[in-house]
Amino acid sequence: MIVRAFKISSLALFSVALAASASWAHEAWILTPREIEALAEAPIPALFLSQMWLLVAVALSAGVALAALSAEDRFGAEIDTRLRPLASSAVEIGPTILRISTGLMLGLAALGGLPRHGVEPWTTPTFLVPDMALNLVPGWDILAPVQFALALFLILGLAVRLCGAVLFALSVLGLAIFGAGFVAYAPHFAAPGIMLMLAGSGAAALDRLLGTDALFRPGPEVQQAAWRATQILVGAGFIYLAVAFKLFQPTLIIAILDHGNVPTLGLPLPVVALIMTSVEVTSGALLVMGRLVRPMAALLIGAMTFLAVVLGETPLFHANLYGVMVFYLMVGERFPRGVQITPRMREAM
Amino acid sequence: MPIQLCAVFGAKGVLASMMLALAMLTPYVNAASGPPRSAFLLLPETEPAPQVDLDVHVTDTGELDLMIVTTGFRFTTTCVPEAAAIPVGHAHIQVDGVKVASAYHPRMLLTGLTPGVHQINVVLRGQDHRALVSAGGLIAKDMSVEIPARPMG
């Protein structure tokens, strides 16, 4: 019954994400020139200027979040017990998915294969994300081969913990090179970096063949603290995106929704934009608190996928986050302690 | 810090307080803001707004010789991650609503236009590719141009 309730609630959260047309887009560059022209003149919707309606949104969001937290308080322990096998196998599968998805993203970025809309593919190497073209920062071309080498190591599963440290360092370096504009991205690359440092290579990795995966493996307490740190980083990243790009720039997200002809179930676009913002702030806050981690991961995967389909974007734009969310979905709030590799798990490697 | 706050007030209290603060603050931030900062670079009202005009000639070979005539704006080939709010940058050129080129110099030769009437639109951009806006809106110029049909052979 508990499992059934968990499945139903996960499905409901997933549906909320889809029905609310949630999109995590903030990229103005997908808009056409005419849409940009219209956006320049667009007035701020009254909904985003009214304390009353914003407080109504807060009350509704808080109500939903508190109900979900109460459900977790009541059923969480039993759900965790039942999902323990999934969490245990996650230490094998989770890192593999994370390093390959992030590696693909880094490799393509290094070769200019993930440019932003309007830029010819394979002409402009970017730093981690499409927005951060390396030609904007003279003297930093070296980052393209560094990213490519990192991608190669991650995909092969070689020196993965070290690669995690390098990825974390790159996310900090991005702030120094690109400035405030990189704040939107840094937490979502720092977190996978930490995850790889704490979890290692996972299955299907050269580290396993060479026996180097155990090198620099942190103790269980450090692993748990680092796992919580990733939740805080990822959650804070989503809150920042929601506030900076949606709450404080509502006409931008409305223009993007309009551009994508996002189905709104008859709701006006400003209402949809406010629902999206509320969902994103609430899910980010819950991740920061380390609560409802699995349902939030399912919701965010659904929303990112929906966005990619509606806007015709490649999911590789958010491959790092897909890797993180799949890992969260499998592991939940607490990183598994003292997992023994069973013969069956070893066979699967 | 978030962990300490949670310990004192409880996680739910922190969540509720943060969301309440956002709801109270947002109307003031939005009322004072201009067009979205991610897409536009708002020039200060204290300075005269740049102006843009177009001088076009169709060459004998059917190309469009476009001169972007600006006042109070300087072209540069240098792009940066985050530009200052100054009238320096480049221009985006659209033909029939589709971006076809970035002009880092005032003169541009547009090739490959089919015979017929085309809508040319030029928008001045900052060094980080955001569209420049002044109190009067986008700094842009539209123009219709006819490319004559060329005799075969």
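Colleague: Which residue of β6(B) stands opposite A91(B)?
Modeller: That's A103(B). Keep in mind that we're looking at a predicted model here.

Colleague: What makes β5(B) and β6(B) a pair of strands?
Modeller: Two strands pair if there are at least two bridges between them. Strand β5 (residues 88-95) of chain B and strand β6 (residues 98-103) of chain B have five bridges, in the antiparallel sense. Five meets the cut-off of two, so they count as paired. Their hairpin has two residues between the strands, and D96(B) has a positive phi there, near 55 degrees.

Colleague: Why is H129(B) called buried?
Modeller: Count the other C-beta atoms within 10 Å: H129(B) has 22. The cut-off for buried is 20 or more, so H129(B) makes it.

Colleague: And what makes L265(A) exposed?
Modeller: L265(A) has 9 other C-beta atoms within 10 Å.

Colleague: Why does S88(A) count as partly exposed?
Modeller: S88(A) has 18 C-beta neighbours inside 10 Å. You'd need 20 or more for buried and 12 or fewer for exposed, so 18 falls in between. S88(A) is part of helix α4 (residues 84-111) of chain A. C-alpha to C-alpha, S88(A) is 30 Å from A149(A), with the two 61 residues apart in sequence.

Colleague: How do you know that α10(A) is mostly covered?
Modeller: Eight of its 10 residues are buried. Among them are P250(A), L252(A), I254(A) and L257(A). The buried residues pack against α2 (33-41), α9 (220-247) and α11 of chain A. Just after α10(A) comes N261(A), with a positive phi of about 45 degrees.

Colleague: What describes the packing of two helices?
Modeller: The angle between their axes and the distance between the axes. For α5 (residues 143-156) and α6 (residues 160-178) of chain A, the axes come within 9 Å and cross at roughly 145 degrees. The crossing is left-handed.

Colleague: What makes the contact of α5(A) with α6(A) nonpolar?
Modeller: Look at who's in it: L150(A), F153(A) and L154(A) from α5(A), with V160(A), C163(A), V166(A) and L167(A) from α6(A). Leu, Phe, Val and Cys count as nonpolar. That gives seven nonpolar residues, no polar and no charged ones.

Colleague: How many residues does each chain bring to the contact between chain B and chain A?
Modeller: Chain B brings 36 and chain A brings 43. On the side of chain B, α2(B) gives the most, with 15 residues. By class, that side of chain B has 24 nonpolar, eight polar and four charged residues.

Notes:
Residues are numbered from 1 along each chain as its sequence is written. Chains are lettered from A and ligands numbered from 1 in the order in which they are written. This is a predicted model: local features need pLDDT of at least 70, side-chain atom pairs count only at pLDDT 80 or more; totals for chains, interfaces and linings use all residues. Helices (H or I, at least four residues) and strands (E, at least two) are DSSP runs, numbered from the N terminus. Axes are lines fitted to C-alpha atoms, for helices over the stretch in contact, and angles run from 0 to 180 degrees between N-to-C directions. A crossing is left-handed if the near helix is turned anticlockwise from the far one by less than a right angle, and right-handed if clockwise. Two residues are in contact if their C-beta atoms, placed from the backbone, lie within 7 Å.
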